[in-house]
Amino acid sequence: MALPSFETDKVHVTMLGDSLFKIFIKNDVELGLDDLDKNYDFFKEQLKEQKGLFLVVFGRGAAMEKGATEKFSEKTRQSIKVKEAFVITTLPHRILGNLYLRVNKPSHPTKFFTTENDAINWLNS
């Protein structure tokens with residue numbers, strides 16, 4: 001049986017296991033507040049009352065609109081996450097990621113990787 005997935009013009013979310021989500025942010029898009037809400041609704045629907053593991057992969061040129069980082073960091077969104085891994089391959093994304101960690105201090109283990117395999121291995125450890 002195929003695992004659930006969700007796609008918009010900006011993201012493609014697939015489940016890689018019972019509670020492991022892969023969120024691919026497509027190339028050259030800007031995620032907005034509405035996009036984050038749609039993603040969150042899908043996560044909540046799939047998780048029910050559980051928590052999940054999140055693999056976030058940034059496409060080239062992907063960005064977030066003003067206010068999206070704050071929304072992404074809200075406690076209600078953090079509360080559904082056991083661990084979160086970001087696959088980052090560009091210097092601008094790495095700089096923004098490090099700033100995100102310093103300013104927002106996620107309540108769950110969060111780490112950056114350059115490959116999906118390394119990120120998935122860490123999430124499953």
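This section describes the sheet, the helices packed on it and the aromatic pairs of a predicted model.

The sheet is open and has six strands. Their order is β1-β2-β3-β5-β7-β8, and the pairing is mixed. Strands β1 (5-7) and β8 (110-113) form the edges, each pairing on one side only. From one strand to the next, the twist averages 15°.

Both kinds of pairing can be followed in detail. Strands β2 (residues 11-15) and β3 (residues 20-25) run antiparallel and are joined by five bridges. Here V13 has I23 of β3 as its bridge partner. Strands β7 and β8, in contrast, run parallel, with four bridges between them.

Together, β7, α4 and β8 make a β-α-β unit, and the unit is right-handed. Helix α4 spans residues 91-104 and lies across β5 (52-58), β7 (81-87) and β8. The helix runs at about 170° to β8.

Three residues of α5 are buried: A119, W122 and L123. Viewed down the axis of α5, these buried residues fall within an arc of 100°, so they line one face of the helix. An α-helix has 3.6 residues a turn, so residues three or four places apart point the same way. The cover over the buried residues of α5 includes β3, β5, β7 and β8. On the face turned away from the buried side, α5 carries the exposed residues N117 and N121.

A search of the whole structure returned nine aromatic pairs. One of them joins F43 and F54. The ring centres of F43 and F54 are 5.0 Å apart and the planes stand at 80°; the pair is therefore edge-to-face, the angle being over 60 degrees. F43 belongs to helix α1 (residues 33-47) and F54 to strand β5, so placed that the pair links distant parts of the chain, 11 residues apart. Both residues, F43 and F54, are buried. The two also belong to a cluster, in which ring pairs link F6, F21, F42, F43 and F54.

Methods: Residues are numbered from 1 along each chain as its sequence is written. This is a predicted model: local features need pLDDT of at least 70, side-chain atom pairs count only at pLDDT 80 or more; totals for chains, interfaces and linings use all residues. Side-chain values use heavy atoms; hydrogens and water are left out. Two strands pair if DSSP finds at least two bridges between them. Helices (H or I, at least four residues) and strands (E, at least two) are DSSP runs, numbered from the N terminus. Axes are lines fitted to C-alpha atoms, for helices over the stretch in contact, and angles run from 0 to 180 degrees between N-to-C directions. Contact means heavy atoms within 4.5 Å. Buried means under 20% relative accessible area, exposed over 50%, partly exposed in between (1.4 Å probe, protein chains only). The arc is that of the directions from the helix axis to the C-beta atoms. A crossover is right-handed if, with the strands pointing away from the viewer, the path from the first strand over the helix to the second runs clockwise. Rings of Phe, Tyr and Trp (its six-membered ring) pair if their centres lie within 6.5 Å; planes under 30 degrees apart count as stacked, over 60 as edge-to-face and the rest as tilted.
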